Amino acid sequence: MIRSLGVHQVFGIRSAWTNPVEMVWCSPAARAGEISSNPAAPAARGCLARRASSDVLRPAEGCRKMNGGEPEAPAERRGRRSMALWWGPRVMFVGGAVVLVVESSRGVPLWELRLALYVFGACSAVFIVRQLWAGHQRGPGGDPPRWLVRAAACLTAAGVLVLVAHLAGVEGDALPLVGSVLLLLGLGWFVEAWRGAKPGQQRKDLLWWGVALFALTLVTAIAAAFLLPKAKGGLILSLLIALGLALFVALPLGLNVLSEWGVRRLRRRSSAAGDDASVGIVGYLGIAGIVLCVLAVVCLGYLDWVLAALLLATALVLVLAIVSNTHADVALVLAALCMLAAAPPEHPKPQALLPAGGQRVLVAMGDSYMSGEGASSYFEGTDDGGRNECRRSPSAYAVALATEDRRFDRVLFLACSGARTYHVIAKADASLLQAKEGRPGPRIEAQGDEPGTQIDQLTSQASSFHPALVIVALGGNDAGFAILGEACIAPGDCEDQESAFTGNLPKVRRALAATFRSLRKALPADVPIVAVPYPQPIAPADRCTGVALTKTERDFIHRFVDQVDKTVSDAASEAKAGIEYLAEMKDSLKDHQLQLCRGRKSKAGINFVDIESVNGFASQRFSPAKWIHNSLHPNERGHKAMRDTFTTWLNNHPGLLQHRTHTPTPTPQEQAPSQALPTPEPECSMTRNAGNPHCQNLIRAWELDQTRVRWPWLVPVLLALAVLWVASIAVFSLLPVGEPRHRATASRAPAR
């Protein structure tokens with residue numbers, strides 16, 4: 001009798017987690033009494049009760065299975081256990097995400113952040129394994145349950161509102177991260193519901209949607225490639241937003257729906273062909289392809305091509321995650337967002353960095369090679385994006401000298417990442433940096449929220465301590481070190497732009513000489529000053545693993561660093577201010593076997609490409625321009641080698657720290673801007689307020705041209721990714737569907 005109600009009115013559910021136990025569920029019509037004319041209706045209504053507080057149905061008190069089965073209590077316990085197994089992993093996944101977001105927003109120590117990442121990884125693994133093992137939760141009829149779609153809509157709407165609030169100016173550094181995570185989770189649940197609809201059917205709408213999303217991504221990318229070079233003002237922002245939406249929303253959605261279509265098609269063909277089908281061969285070929293990719297990752301890692309291995313491994317894992325429909329892709333992107341949003345830990349300033357009262361104070365001035373950029377952590381308040389980016393590190397060799405060498409009792413740590421000569425020279429000596437007639441010189445200014453230029457800060461504190469020695473590392477930013485690193489990592493041969501860099505070196509020499517004179521004026525006559533050159537970062541090797549630079553580019557960098565160091569030496573001599581030159585520092589990394597291209601890159605004393613975010617505002621932490629600031633800078637090993645070199649040099653010059661009876665003081669004529677030899681005006685300038693165009697603009701235009709010229713190289717890369725994607729689809733088509741079986745119990749119930 002009850003089978004006459006039909007499967008759309010009474011459903012039988014077999015639990016996927018326990019021994020088969022049949023529970024009868026009534027349709028809303030049956031609960032409303034609309035089937036009262038049916039003889040089985042009273043029994044059906046009697047076996048169901050609706051909880052007053054929710055839409056969840058449970059068997060009524062004392063009810064037994066309609067065909068004479070077991071009591072209600074064990075069945076209800078099994079139902080609760082089944083719901084716990086459905087909900088538990090998903091709640092763990094969301095809870096782990098909350099923990100990771102909170103920890104990455106608080107700026108916690110590195111060990112605590114790693115612990116949060118491990119917790120999130122464990123929760124994600126449980127959820128992913130559960131999705132693979134038992135499939136996705138289904139509602140009546142096999143379609144995704146309505147609560148999944150509603151939850152996805154709520155999460156997506158909340159993410160959009162949070163991001164809009166941030167763009168509208170609402171304060172909160174964590175808003176972009178929270179909004180991005182909510183939006184990511186919401187879209188992930190939407191995709192799960194979309195891919196899970198109409199299970200077992202071959203849905204052509206997935207194919208059309210996937211093709212449309214791919215076409216949208218392609219059109220947007222082509223339009224951006226042609227329009228961005230000529231765009232100005234608000235059009236640039238609009239194009240970047242459109243490109244971001246295409247690459248990070250439309251493309252992943254297209255991959256997801258096409259993956260579902262491919263998996264369903266292969267499963268359907270395999271099922272139709274039977275046991276003798278050769279469809280499974282495609283899946284095994286896919287397994288072979290993925291194994292080859294894993295071996296390629298291992299080989300690249302062994303050859304020290306860590307960046308290439310990381311990119312290939314990331315592509316492999318992301319493709320597998322997207323095809324699997326287990327939210328593994330959401331977990332990976334969420335973890336990446338949180339790690340990028342998390343800034344490195346900060347250290348409180350020790351007593352040794354407070355120079356007041358010191359009688360043998362070491363004064364450290366200059367740029368990032370003196371401040372310690374390249375390390376894994378910095379002092380408080382010196383790594384705040386958009387405010388103070390001096391990045392003064394506890395591992396900087398100047399700090400180690402002041403804390404471990406008895407010849408010094410304190411350190412005045414003024415060095416600041418990105419410093420140029422006009423950030424160091426005293427404002428009162430601005431005339432020393434005067435350019436040629438008719439052209440203004442660079443504007444003397446402090447960096448970020450620093451209280452003044454470095455020499456002005458030294459002068460303001462001079463009465464509270466006695467300096468024993470001043471060390472200065474300066475000139476690299478005036479010469480364009482940062483622009484050089486960017487040009488050499490970009491496509492093309494950076495040696496082609498050599499004239500843009502070497503043409504500025506005469507101007508750098510004059511600016512350094514003026515800065516050394518200004519520093520000599522600010523110090524007592526008995527305080528020695530040491531100009532420190534830059535260590536050679538790359539060994540002159542014919543072959544170099546792990547460094548994505550050609551032999552020509554490596555030779556150019558080696559040659560240019562030599563030229564910059566000679567410029568520093570010439571400026572120290574030209575200043576005629578008794579400036580010592582520490583020539584041995586040039587070979588500090590070489591003497592300690594820590595150069596790139598000498599041994600494994602992971603053991604080098606200098607970073608090649610190192611990704612790390614910054615503290616401060618969210619707009620700074622999420623800016624890709626802030627993620628590679630540690631690249632091409634000495635790390636902790638490098639600064640230890642530089643400290644050893646400096647200590648050895650100081651031991652070999654014992655008279656340097658003794659009281660000086662006479663120190664040459666530059667005459668007024670010597671303090672005037674150098675008019676020695678006329679030098680040709682460079683084609684571009686490394687100073688933004690100079691008369692000629694800035695070199696960075698010209699070099700970035702060259703980088704863009706090089707990228708456009710090499711776009712055909714993208715074809716084999718995209719083809720390889722497509723093959724990997726198809727192989728992943730073939731592999732997942734071999735897996736069992738893993739869906740709980742929904743059975744119409746009513747169809748098997750005996751008639752009464």
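**Entry 1: helix α13**

I began with helix α13, residues 397-404, in this predicted model. Is the helix enclosed or open? Six of its eight residues are buried, so the helix is largely enclosed by the rest of the structure. I listed the buried ones: Tyr397, Ala398, Val399, Ala400, Leu401 and Ala402.

Next I asked what covers the buried residues of α13. The cover includes three strands that I come back to below: β6 (361-366), β9 (410-413) and β10 (467-473). It also includes α12 (368-371), β7 (378-379) and α23 (636-651).

**Entry 2: α13 against α23**

I then looked at one of those covering elements, helix α23. Two packed helices are described by the angle between their axes and the distance between the axes. For α13 and α23, the angle is about 55 degrees and the axes are 9 Å apart. Angles of 65 to 115 degrees would count as roughly perpendicular, and under 35 as roughly parallel. The two helices are therefore oblique to each other. I noted the handedness too: α13 passes α23 in a right-handed crossing.

Which residues meet here? From α13 I found Tyr397, Ala400, Leu401 and Glu404. From α23 they meet His639, Met642, Arg643, Phe646 and Thr647. Tyr397, Ala400 and Leu401 are also among the buried residues of α13.

I stepped back to the loop between β8 (384-385) and α13, where Arg391 is found. Most residues other than glycine have a negative phi. Arg391 has a positive one, near 50 degrees. Is Arg391 buried or exposed? It is buried, with a relative accessible area of 4%.

**Entry 3: strand β6**

I turned to β6, which is part of the cover over α13. How many of its six residues are buried? Six of the six are, so β6 is largely enclosed by the rest of the structure.

In a regular strand the side chains alternate between the two faces of the sheet. I checked both faces of β6, and both are covered. Val361, Val363 and Met365 are buried on one side. Leu362, Ala364 and Gly366 are buried on the other.

**Entry 4: the partners of β6**

I looked up which strands pair with β6. Strands of a sheet pair through backbone hydrogen bonds, either parallel or antiparallel. β6 and β9 pair in the parallel sense, over four bridges. Within this pair, Val363 has Leu412 of β9 as its bridge partner.

β10 also runs parallel to β6, and six bridges join the two. Leu362 stands opposite Leu469 in β10. Gly366 stands opposite Ala473 in β10.

I then placed these strands in the sheet. Five strands form an open sheet in the order β9-β6-β10-β11-β12, with parallel pairing. The edge strands are β9 and β12 (579-581), and each pairs on one side only. The twist averages 25 degrees from one strand to the next.

**Entry 5: Ala473**

I followed Ala473, which is found in strand β10. It is buried, with a relative accessible area of 2%. What does Ala473 contact, leaving aside neighbours within four places in sequence? I found Met365, Gly366, Asp367, Met370, Val532 and Tyr534. I also checked Ala473 against Ala415, 58 residues apart along the chain. Their C-alpha atoms are separated by 8.4 Å.

**Entry 6: Asn325 and Thr326**

I moved to the loop between α10 (306-324) and α11 (328-341), which holds Thr326. Asn325 lies in that loop too. Phi of Asn325 is near 55 degrees, a positive value in a residue other than glycine. Asn325 is buried, with a relative accessible area of 9%.

Thr326 is buried as well, at 2%. Which side chain makes a polar contact with the side chain of Thr326? It is that of Ser324, at 2.8 Å. Not counting residues up to four places away in sequence, Thr326 touches Phe127, Ile128, Gln131, Leu132 and Ala321.

**Entry 7: Leu735**

Leu132 turned up again when I checked Leu735. Leu735 lies in the loop between α26 (714-734) and β14 (742-743). Its relative accessible area is 38%, so I logged Leu735 as partly exposed. Beyond four places in sequence, Leu735 touches Leu132 and Arg267.

Last, I compared Leu735 with Trp133. They are 602 residues apart in sequence. In space they are 9.6 Å apart, C-alpha to C-alpha.

Conventions. Residues numbered from 1 in each chain as written. Predicted model: local features only at pLDDT ≥ 70, side-chain atom pairs only at ≥ 80, totals over all residues. Heavy atoms only, no water. Buried < 20%, exposed > 50% of the residue type's maximum accessible area, 1.4 Å probe, protein only. Contact = heavy atoms within 4.5 Å. Polar contact = N/O pair within 3.5 Å; in protein donor to acceptor, adjacent residues only side chain to side chain. Pairing = 2+ DSSP bridges. Axes fitted to C-alpha atoms, helices over the stretch in contact; angles between N-to-C directions. Parallel < 35°, antiparallel > 145°, perpendicular 65-115°, else oblique. Left-handed = near helix turned anticlockwise from the far one by under 90°.
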